[in-house]
Amino acid sequence: MFGFPVPYSNELLYSTIARAGVHDGETSPKQLLDLIFENRHVIATIDLPSHIQSVATQYPESLGLDAVELIKKHTLWPIYAPFIPNERRVAIERWM
């Protein structure tokens, strides 16, 4: 997708993906999922999204928006993480 929007400060990825659909003129949520994730079976979730690497590949490396950075700054993971044992935390971050 050309011109994928950069997340605003404290904006969730869910909102950024929705803005991408608006900017691209996508009226079908399934087509938007197919365009971004190349998979129509991805389930959009607000708090702990998966397939974040697919979103990270939409950005040039110069922006520094890799999957880890997106997880830390644009999901609710930082709120959940302190309450989860370290072993489980690593597994969840890998899943996201």
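Me: What radius of gyration would a compact globule with 96 residues have, and what does the protein chain have?

Reply: The globule rule is 2.2 Å times the number of residues to the power 0.38, and the radius is taken over C-alpha atoms. For 96 residues that rule gives a value near 12 Å; the protein chain has 13 Å, so the two agree. This is a predicted model, in which local features need pLDDT of at least 70 and side-chain atom pairs count only at pLDDT 80 or more, while totals for chains, interfaces and linings use all residues. Residues are numbered from 1 along each chain as its sequence is written, and side-chain values use heavy atoms, with hydrogens and water left out.

Me: Why is the pair Arg19 and Glu11 called a salt bridge?

Reply: The term requires a side-chain nitrogen of Lys or Arg within 4 Å of a carboxyl oxygen of Asp or Glu. The closest N and O atoms of Arg19 and Glu11 are 2.9 Å apart, so the pair meets the definition. A search of the whole structure finds three salt bridges.

Me: Are Arg19 and Glu11 buried or exposed?

Reply: Both Arg19 and Glu11 are buried. Buried means under 20% relative accessible area, exposed means over 50%, and partly exposed lies in between (1.4 Å probe, protein chains only). Of the 96 residues of the protein chain, 35% count as buried.

Me: Why is Arg40 called partly exposed?

Reply: Arg40 has a relative accessible area of 38%, so it falls in the partly exposed class. Asp34 has 32% and is therefore partly exposed too. Arg40 and Asp34 form a salt bridge, with 3.7 Å between the closest N and O atoms.

Me: Where do Lys73 and Glu69 lie?

Reply: Both are in helix 4 (residues 67-74), four residues apart, which is about one turn of the helix. Glu69 is partly exposed, because its relative accessible area is 23%.

Me: How many positive and negative side chains does the protein chain have?

Reply: There are 8 positive and 11 negative side chains. Lys and Arg count as positive and Asp and Glu as negative, without His and the chain ends.

Methods: Helix = DSSP H or I, 4+ residues; strand = E, 2+ residues; numbered from the N terminus. Charge placed at Lys NZ, Arg CZ, Asp CG, Glu CD.
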